[in-house]
Amino acid sequence: MPQRPKLVLAGQLSTFPWVFEAAERAGIDLILIPRGDDTTEAAGRAKAVVELLPLDIDANPDGALSALADRYRREPFGGIMSGNERVIPFVARAARELGLTGLTEEAAAVVRDKRSMRQRLLEAGLGVPGFVVIKDPDSWTDALTLRFPVVVKPANGHSSFGVIRADDRDSLEQAVARTWKLVETHLGAADGSDSENGSDSETSVLVEEYLDGPEISAESLVYRGQARVCAISWKGELTGPYFEETTLRAPAQLPAEILAAIEAEVIGAHHAFGVTEGTTHTELRLVGGVRPVLLEMTARLGGGGNMHHLVHVSSGIDLAAEALRIHLGREPLCWREEPAPAGHAAAYLVPIGSGGRVKRIRGLDAVRTDPQVDYVVQTAGPGAQLLPYPDWSGNPAVVLSHHKSDAEAVAYLDHLARTLHVEYEEQD
């Protein structure tokens, strides 16, 4: 009987089941490097996990790499894959040193730094909003050359953490100060940055011109330099001042020519960034509802893995399983066999709202028994402390569902928006 392949999965939170279930479907054993906020008990129970390898990638990347190399020498494994944003540079470095499939360290640095992404897009002749890099909070006036409104964001952030819209001079000064403080407190210097790639290790924020139009996301697979856009999701109008995402639907209901333009922009960005292996999550704006402009790309499964569900339902592509295969150096099955779409998918991210100490999430129990619902993942229970935007504690719960039509998906998301919300304890 052939031995099952083993892959190191770095920093994937065990609460999110999609990658673990995909590994089980694909017959792949996982060696899990747990995230710092995970528990050993939960991580050990995750599907397909045969070994836990506790390494402190954030605080001691050199020591973590040495320990990983020792583990590889004792018993080689077939691949390594990132489970969250912060470990992407480490995983690229480990793949190079161990001779495994993965991003180059240069590409990993680019997708972790919005400054580098903007510069690469400019050089490639792709769409880019006007932008200015602020290297000191007192230099916020450098951004007054831009057209208002503008958006202030961390150069190496994630999700909508620290992202603030500013409509005039006064709000720009306040937004830069606030985002800067959040970056210093929670992110520090741009991890994995490289001065040769247009970024540096110092703290900085990006100010860019606001793009008016709906937001979309694209999930892609990349194998030996060939990128394939697997699904395009509709996120809707996110106008600020903070940009909390609550709903996604796939496939996005857009004309064929706009879908083709999105695919061309996304594939062009892969080439510009040097992303040649793995899976990516790309966020874009449709300026005027028609012209796609890339906001950012990350080289991992989007949404902690929940974007796998939207892709799997809407396109039939087993995104998480295909990503695992690629990181084992194998050709993805969808390169040869065209899967059949199953229908329409929706995601509802329960909004944080005002923040505080969680009492309960009203309406969540009823959702768990709804036949349209495939997953309810709750990450914040009673007593958890949630911080409101532009700080970000992570969504307290996500509901993933399937539907026969986009109209049904819209109606269900509207229903969830009316019935699901976080109740907080009263403050003394």
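Student: Where is threonine 15 placed in this model?
Tutor: The model is predicted: local features need pLDDT of at least 70, side-chain atom pairs count only at pLDDT 80 or more, and totals for chains, interfaces and linings use all residues. Residues are numbered from 1 along each chain as its sequence is written, and side-chain values use heavy atoms, with hydrogens and water left out. Helices (DSSP runs of H or I, at least four residues) and strands (DSSP runs of E, at least two) are numbered from the N terminus. Threonine 15 is in the loop between β1 (6–10) and α1 (18–26).

Student: Is threonine 15 buried, partly exposed or exposed?
Tutor: Buried means under 20% relative accessible area, exposed means over 50%, and partly exposed lies in between (1.4 Å probe, protein chains only). The relative accessibility of threonine 15 is 35%, so the residue counts as partly exposed.

Student: Which residues is threonine 15 in contact with, leaving aside its neighbours within four places in sequence?
Tutor: Contact means heavy atoms within 4.5 Å. With those sequence neighbours set aside, threonine 15 is in contact with Val377, Gln378 and Thr379.

Student: How are the rings of phenylalanine 16 and tryptophan 18 arranged?
Tutor: The structure holds four aromatic pairs. Rings of Phe, Tyr and Trp (its six-membered ring) pair if their centres lie within 6.5 Å; planes under 30 degrees apart count as stacked, over 60 as edge-to-face and the rest as tilted. For phenylalanine 16 and tryptophan 18, the centres are 5.8 Å apart and the planes stand at 25°, so the pair is stacked.

Student: How are the rings of tryptophan 18 and tyrosine 375 arranged?
Tutor: Tryptophan 18 is buried at 1% relative accessible area. Its ring centre is 5.7 Å from that of tyrosine 375, with the planes at 65°, so the pair is edge-to-face.

Student: How many residues apart in sequence are the parts that tryptophan 18 and tyrosine 375 tie together?
Tutor: Phe16, Trp18 and Tyr375 form one aromatic cluster. Tryptophan 18 lies in helix α1 and tyrosine 375 in strand β16 (residues 373–378), so their pair ties together parts whose separation in sequence is 357 residues.

Student: What is the bridge partner of glycine 356 in β17?
Tutor: Strand β15 (residues 356–362) runs antiparallel to β17, joined by two bridges. In β17, glycine 356 has as its bridge partner leucine 386.

Student: Which residues of β1 are buried on each side?
Tutor: In a regular strand the side chains alternate between the two faces of the sheet. β1 is mostly covered, with five of its five residues buried. One side holds Lys6, Val8 and Ala10; the other holds Leu7 and Leu9.

Student: What is the bridge partner of leucine 7 in β2?
Tutor: β1 and strand β2 (residues 29–33) run parallel, joined by five bridges. In β2, leucine 7 has as its bridge partner leucine 30.

Student: What do the buried residues of α4 pack against?
Tutor: Eight of the 11 residues of helix α4 (residues 88–98) are buried, so the helix is largely enclosed by the rest of the structure. Among them are Phe90, Val91 and Leu98. They pack against β1, α3 (61–74), β4 (79–82), α5 (105–111) and β13 (291–298).

Student: Which residue with a positive phi follows α6?
Tutor: Seven of the 10 residues of helix α6 (residues 114–123) are buried, so the helix is largely enclosed by the rest of the structure. The buried residues include Lys114, Arg115 and Arg118. With a positive phi near 75°, the residue after α6 is glycine 125.

Student: Which residues of domain 2 lose the most area to domain 3?
Tutor: The domain assignment (automatic or from a database) gives domain 2 as 130–190 + 201–209 and domain 3 as 215–424. About 1,100 Å² is buried between them, where buried area is the accessible area (1.4 Å probe) that two parts lose on being put together, summed over both. Together giving 40% of what the domain 2 side buries, the residues are Ser159, Ser160 and Arg165.

Notes:
Two strands pair if DSSP finds at least two bridges between them.
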